[in-house]
Amino acid sequence: MASVLPQKNEEYGTKQYWDQRYSQEPPDASFDWFKSYEDVADILRELIPDRDARIVMLGCGNSKLSEEMYDDGYRHVVNTDYSGVLINNMRRLHEHTRPEMEWHEMDIRSLTFDADTFDVAIDKGTMDAMMTANGDVWDPPSNIIENCNREVDEVIR
Ligand SMILES: C[S@@+](CC[C@H](N)C(=O)[O-])C[C@H]1O[C@@H](n2cnc3c(N)ncnc32)[C@H](O)[C@@H]1O
């Protein structure tokens, strides 16, 4: 299999890169950026004591976080990612074993859910991917600031 690493860091900020990466990988591949559920489970259980909480996963990728939260009792996990390739793979993988989990091809900068649909929003590594522009991280280009603000505005809507 060809390398799934981008030639330039900025490619992490493009849908084209993620679609290509997920097309190259086997449909049941999984990779957890930064931390696994095991690493953060204690904090999440404390912050989300209600297993019926409505949770939106922003840029779910093929991380195991959603399925492990589901298996830990969080039944209302709604996954979003702008890669259609990824969402189709994940839906096929989980539809029979985890039927209540939802998968939506959606850009987190313009979510199409109604206001007040969720109690909890989780972003693990997604805003980081949107911030991979060239230049000074303390003085990012205006489009990066705008993208991050759009995600935050959607989450607090
Ligand atoms: C670094 S991966 C993190 C995946 C996963 N959350 C994890 O922790 O392993 C970033 C993911 O966010 C998705 N993504 C990036 N920008 C997005 C956007 N604007 N809307 C929806 N998904 C996005 C990518 O397709 C990719 O699956």
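How far is an oxygen atom of the ligand from an N or O atom in the side chain of lysine 124? The points below take up this question and the surroundings of the ligand.

1. The model is a predicted one. In it, an oxygen atom of the ligand and an N or O atom in the side chain of lysine 124 are 2.7 Å apart. Of the accessible area of 600 Å² that the ligand has on its own, the protein covers 98%.

2. Lysine 124 belongs to the loop between strand 4 (120-122) and helix 5. Its side chain also reaches two backbone oxygens: that of tryptophan 33 at 2.7 Å, and that of lysine 35, which lies 2.8 Å from a polar atom of the lysine 124 side chain. Both Lys124 and Trp33 are listed among the closest residues to the ligand.

3. A polar backbone atom of tyrosine 82 is 3.1 Å from a nitrogen atom of the ligand, and a polar backbone atom of phenylalanine 31 is 3.5 Å from an oxygen atom of the ligand.

4. The ligand sits in the largest pocket. It is surrounded by 19 residues, and the closest are Tyr22, Trp33, Gly59, Asp81 and Lys124. By class, the shell comprises nine nonpolar, five polar and five charged residues. Helix 1 (15-24) and helix 5 (126-130) each contribute at least two residues to this shell.

5. Salt bridges deserve a separate remark. The structure holds 13 of them. One joins aspartate 72 to arginine 51, with 3.6 Å between the closest N and O atoms. This pair links distant parts of the chain, the two residues being 21 residues apart. Aspartate 72 lies in the loop between helix 3 (65-71) and strand 2 (77-81), while arginine 51 lies in the loop between helix 2 (37-47) and strand 1 (55-58).

Methods:
Residues are numbered from 1 along each chain as its sequence is written. This is a predicted model: local features need pLDDT of at least 70, side-chain atom pairs count only at pLDDT 80 or more; totals for chains, interfaces and linings use all residues. Side-chain values use heavy atoms; hydrogens and water are left out. A residue is near a molecule or strand if one of its heavy atoms lies within 4 Å of it. A polar contact is a pair of N or O atoms within 3.5 Å; within protein, one must be able to donate a hydrogen and the other to accept it, and residues adjacent in sequence count only if both atoms are side-chain atoms. Accessible areas come from the Shrake-Rupley method with a 1.4 Å probe; for residues, only the protein chains shown count as cover. On a 1 Å grid over the protein atoms alone, a cavity is a set of points where a 1.4 Å probe fits but cannot get out, and a pocket is an open set with protein on both sides within 12 Å along at least five of seven lines; lining residues have an atom within 4 Å of a point. A molecule sits in a cavity or pocket if more than half of its atoms lie within 2 Å of its grid points. Helices (H or I, at least four residues) and strands (E, at least two) are DSSP runs, numbered from the N terminus. Ala, Val, Leu, Ile, Met, Phe, Trp, Tyr, Cys and Pro count as nonpolar, Asp, Glu, Lys and Arg as charged, and the others, Gly among them, as polar. A salt bridge is a side-chain nitrogen of Lys or Arg within 4 Å of a carboxyl oxygen of Asp or Glu.
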